[in-house]
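These are my notebook entries on one chain, written as I looked things up residue by residue.

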Amino acid sequence: MTEKVYIISGTNRQQAVSLQVSKVYQQEFEALGVDSEIIDLQQLPADYLFSGLYENAGKNELVNGFREKMKVGHKFVFVIAEYNGSFPGVLKAFIDGLEFPDSFMNKKCALVGLSAGIQGAVLAMSHFTDILNYCGAHVLAEKPKLASIGGHIQDGEITNERYMKHIKKQVKQLIEF
Ligand SMILES: Cc1cc2nc3c(=O)[nH]c(=O)nc-3n(C[C@H](O)[C@H](O)[C@H](O)COP(=O)(O)O)c2cc1C
């Protein structure tokens with residue numbers, strides 16, 4: 001059986017489009033018979049920055065649930081929103097609270113970027129790729145750039161055929177990665 005994929009919705013913004021895109025990925029994995037689970041950063045505790053990091057790492061039970069999933073998982077999709085030309089700060093804080101190096105060493109990751117503007121989080125994905133590589137993870141080359149996302153998603157469905165083509169291709173590639 002193909003191993004479970006964890007999909008990280010990489011922002012804690014309420015009503016984030018990132019979560020909608022994460023659900024699209026989950027449907028695509030399901031259609032191919034692959035189990036997946038969404039890790040939604042909106043579910044982090046409100047005091048995560050102070051209760052989940054550094055000397056407190058591993059002490060917050062709610063955060064430990066996230067840490068455990070990232071430790072046991074071997075394949076991840078990171079849904080990356082473009083915030084100020086890069087990825088959301090909460091995503092970096094999330095990474096900083098994980099066990100190093102076991103959370104990422106020799107694991108396999110796929111990235112998808114989304115933005116309100118025209119860049120499709122291309123720089124954000126590039127920045128995030130550097131971090132994953134530093135932590136020992138391999139990143140799939142196929143990285144869909146979902147620019148102007150607001151105009152291409154409706155009722156949780158991506159309406160842009162080209163975007164869906166890239167997503168389907170990437171999902172298959174991650175399964176085989
Ligand atoms: C703090 C913040 C910064 C943002 N910066 C950018 C940006 O630099 N470029 C851009 O195209 N969109 C930017 N956006 C818009 C997001 O890309 C847009 O909300 C998109 O839907 C993905 O983010 P979401 O998952 O939070 O919805 C920003 C949004 C927030 C909340």
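Is Q15 buried or exposed? I counted 7 other C-beta atoms within 10 Å of Q15, so the residue is exposed; the classes are buried for 20 or more other C-beta atoms within 10 Å, exposed for 12 or fewer, and partly exposed in between, with C-beta atoms placed from the backbone.

Before going on, I note that the model is predicted, that local features need pLDDT of at least 70 and side-chain atom pairs count only at pLDDT 80 or more, whereas totals for chains, interfaces and linings use all residues. Residues are numbered from 1 along each chain as its sequence is written.

**Entry: backbone angles**

I found Q15 in the loop between β1 and α1, where helices (H or I, at least four residues) and strands (E, at least two) are DSSP runs numbered from the N terminus. Q15 is not a glycine, yet its phi is positive, about 60 degrees. I looked up Y54 next, which is likewise a residue other than glycine with a positive phi, near 55 degrees. Y54 belongs to the loop between α2 (48-51) and α3 (61-72), and with 9 other C-beta atoms within 10 Å it is exposed. A positive phi, near 75 degrees, also turned up at G33, the residue that follows α1. Finally I checked omega and noted a cis peptide bond between F100 and P101, with a value of about 5 degrees; P101 sits in the loop between α4 (89-96) and β4 (108-114).

Apart from residues up to four places away in sequence, T11 touches A16, S18, L41, A81, P88, V90 and L91, a contact being a pair of C-beta atoms, placed from the backbone, within 7 Å.

Q42, in the loop between β2 (36-40) and α2, counts as partly exposed, with 14 C-beta neighbours inside 10 Å. Leaving out neighbours within four places in sequence, I listed N12, Q14, A16 and L19 as the contacts of Q42. I also noted that the C-alpha atoms of Q42 and S9 are 8.2 Å apart, although 33 residues separate them along the chain.

**Entry: α1 and its partner**

I took α1 as a whole next: it has 15 residues and reaches 21 Å from its first C-alpha to its last, close to the expected 21 Å, which is 1.5 Å times one less than the number of residues. Its buried residues are V17, S18, L19, V21, S22, V24, Y25, E28 and F29.

How do α1 and α6 pack, and at what angle? I read an angle of about 55 degrees between α1 and helix α6 (residues 161-176), with axes 10 Å apart; axes are lines fitted to C-alpha atoms, for helices over the stretch in contact, and angles run from 0 to 180 degrees between N-to-C directions. That makes α1 oblique to α6, since angles under 35 degrees count as roughly parallel, over 145 as roughly antiparallel, 65 to 115 as roughly perpendicular and the rest as oblique. The contact is made by V24, Y25, E28 and F29 from α1, with I167, K168 and V171 from α6. An α-helix has 3.6 residues a turn, so residues three or four places apart point the same way.

I then looked up V77 in strand β3 (residues 75-81) and found it buried, with 29 other C-beta atoms within 10 Å. Setting aside neighbours within four places in sequence, the contacts of V77 are V5, I7, I8, Y25, A110, V112 and L174. V77 and V139 lie 62 residues apart in sequence and 9.7 Å apart in space, C-alpha to C-alpha.

F94 and G52 are 42 residues apart in sequence, while their C-alpha atoms are 8.8 Å apart in space.

Conventions: Contact = placed C-beta atoms within 7 Å.
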